[in-house]
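Biologist: I am new to this structure and would like to learn how to read it. Could you take me through it feature by feature?

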Amino acid sequence: MKRSSYCGDLRKNNIGEEIVVCGWVHSRRDHGGLIFIDLRDRSGILQIVFLPESRGTFRIAENLKNEYVLSIKGLIRCRPEGTINPNISTGQIELVVAEVEVLNTCLGLPFEISDYVETSEELRLKYRYLDLRRPNFQKKIITRHKISNEVRNFLNEEGFLEIETPLLTKSTPEGARDFLIPSRLQHGNFFALPQSPQLFKQILMISGFDKYYQFARCFRDEDLRADRQLEFTQIDIEMSFVDEDDVISLIERMLSRVFKTVLSIDISTPFERISYNDAMLRFGSDKPDTRFGMEIKDFSQEFKNSEFGVFSSAISNGDVIRGLCIPNGSVFSRSEIDGLIKLVCEFGAKGLVWIKVTSSGVESNIVKYFKEYEVKTVVSKLNARPGDLIVLLADEEKLVAQCLGVLRLKMGKKLGFISKNNKFNFLWVVDFPLMNWNNEEHRWQSLHHPFTSPKENIDAITKENIGRVKSRAYDIILNGVELGGGSIRIHKTDIQKKIFEILNISDESAKEKFGFLFDALLYGAPPHGGLALGFDRICALVTGEESIREVVAFPKTQKSFDPLSNAPTPVDDEHLKELGIKVISKLIKL
RNA sequence: GGGGACGUAGUGUAGUCUGGUUUAACACACUGCCCUGUCAAGGCAGAGAUCGCGGGUUCAACUCCCGUCGUCCCCGCCA
């Protein structure tokens, strides 16, 4: 009995056809003289009817259990009047069994294969093959495929070539911790798994491939989060002879096509663009969630000469004063407000000022030190209304932005401004600084990576000036999630040299670390740029999931363990010897 | 490295704050029987838990304390 149809594809127009379906027993409803089976495959569920007249098949049906694997031949017929199930796509028809073959049995299940029963993630991961059988999960994995398929279609039509880059590659000093692979033929040397195919895709541009893409597996040995796995997939794109607008427009067209095809949602293009400085000022984040307001305002000017010493001296110290208004926040109790203060303190900010706006005036921990016009200015600038809670913070600019940004998000969630409402707010963040100063290591660092092209020409790239130099980088944000980012790259050796100089990377070590790209720039590198999108994150957002583990078939736990395979595991001493690695019988705690 | 939440039959939860009326409850799943139109089927009966693990406090611990393991969320980290 060879399968002729998928269960979920059958409809009224198949009535009268003899078909063969294969799948799993999703549920059994035994009425004594009549037995129904819901047969499930990846396409959906089909109701199977076993009638007592067909004695052989009926006896088999009496002994079926959940998740038995069946092959069934029978006739599709219309369901009798009044027995139509509007909840499933095949609800108007059913299959009357002629022949049934039990292809396999199934043990008692560790959890139910059902969309209605939640199970601990630990158990789901251990029995991932069962978890993946759940219809909702199958939908998500299929959606993931649809997205990647549509991205490929689009890019292929646009003339892009998919080209693979190596997984066994070279360790790079900057960025995340590398996964290292010892070389058997060259003891003491290591490959690294790529954190991204960055250098290779730039090489491909220099090789003349012009428009490249890849669904690239990337690896970073850093701590895991809901939106971070050790290995993840990025849609990696690079183009030659383009500027920022070309890349941005391509991605906008690509994403609107994907959302149209997969979700039937029209997203309007072009996406809003916001400068990095604006994002930090107004939202306290370089990945602002613009689905709700509650924007941050600066009050440094207003309090420059304030009699409230804490504020005026903060300004003269070079700090800033910023604040936001929490709608209906005055209902918060004293302890809830203390919670906010504690939250801000956790980041190292000294403390915050709060003002409850009431119909009869204001109420505050500190407002008695303010002049009346100062209070009025704050209230009106934040457009605060009776019932609102104003929060002000004076501290170093970066810290204030971070604290208020976190506070804004927390309040937005708490007050229900962020909900699963199928709203997709795309946003480009542009005009990033090229570098920022690392205070601990006392050196300049690239904000993106050292191959990002500066906006200014080469004469403006000096150690004195570098803090003010913007880059030709762009990040794409969706609902406060960093979907991806990219830049126009440096294609001229002189600029690249200057960047390395400022980053304190010597010619020698630049050669050693990025030598092959450095050399390649000398041999006719075209202007080029591109971007990488977090594919797992896109899938999570499209399917309405909070965690990318919900759209990854085989993810790892937060401690980077795979409960399905039990990886990672120890290996044989023999194997280690071949790799030239000394056998360590006991791990030494450093 | 740090902060927080959680861990109770196969699964999901309640009970824990305020220790003893608990012989640890409920739902689903499971087992047996009944049932010819159900569809997250229904009815009857039944089995299933040393309350993550170790220690402590107490006349008495699922409950309080300490430690430990695991899972999740967050900070650091992730160019």
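Modeller: We shall go from confidence to domains, then to the RNA, the helix pairs and the backbone.

Modeller: This is a predicted model, in which local features need pLDDT of at least 70 and side-chain atom pairs count only at pLDDT 80 or more, while totals for chains, interfaces and linings use all residues. Residues are numbered from 1 along each chain as its sequence is written, and chains are lettered from A and ligands numbered from 1 in the order in which they are written.

Biologist: What is the mean pLDDT of chain A?

Modeller: The pLDDT is the predictor's confidence in each residue, from 0 to 100, and where it is low, the predicted coordinates should not be read in detail. Chain A has a mean pLDDT of 91, with 98% of its residues at 70 or more, and for the complex the predictor gives an ipTM of 0.94 and a pTM of 0.94.

Biologist: Into which domains is chain A divided?

Modeller: Domain bounds come from an automatic or database domain assignment. Here they give domain 1 (7–104), domain 2 (116–267 + 473–491 + 527–590), domain 3 (292–414) and domain 4 (433–470 + 492–525); the centres of domain 1 and domain 2, taken over C-alpha atoms, are separated by 40 Å.

Biologist: How many residues surround RNA strand B, and which are the closest?

Modeller: A residue counts as near a strand if its C-beta atom, placed from the backbone, lies within 6 Å of it. RNA strand B is surrounded by 54 residues, the closest being Gly32, Gly33, Tyr116, His449 and Gln558. Helices (H or I, at least four residues) and strands (E, at least two) are DSSP runs, numbered from the N terminus; at least two residues of this surface come from each of strand S1 (18–30), strand S3 (44–50), helix H2 (121–126) and strand S19 (443–446).

Biologist: At what angle do helix H5 and helix H13 pack?

Modeller: Axes are lines fitted to C-alpha atoms, for helices over the stretch in contact, and angles run from 0 to 180 degrees between N-to-C directions. Helix H5 (residues 198–206) and helix H13 (residues 507–521) have axes 10 Å apart and pack at about 20°, which makes H5 roughly parallel to H13. Angles under 35 degrees count as roughly parallel, over 145 as roughly antiparallel, 65 to 115 as roughly perpendicular and the rest as oblique.

Biologist: How do H4 and H6 cross?

Modeller: The axes of helix H4 (residues 135–157) and H6 come within 9 Å and cross at roughly 135°, so H4 and H6 are oblique to each other.

Biologist: Which peptide bond involving Pro270 is cis, and where is Asp431 found?

Modeller: Most residues other than glycine have a negative phi, and most peptide bonds are trans. Thr269 and Pro270 are joined by a cis peptide bond with omega about -5°, and Pro270 lies in the loop between helix H6 (244–263) and strand S11 (272–275). The bond from Ala567 to Pro568 is cis, with omega near 0°. Asp431, although not a glycine, has a positive phi of about 55°, and Asp431 is found in the loop between strand S17 (426–430) and strand S18 (435–438).
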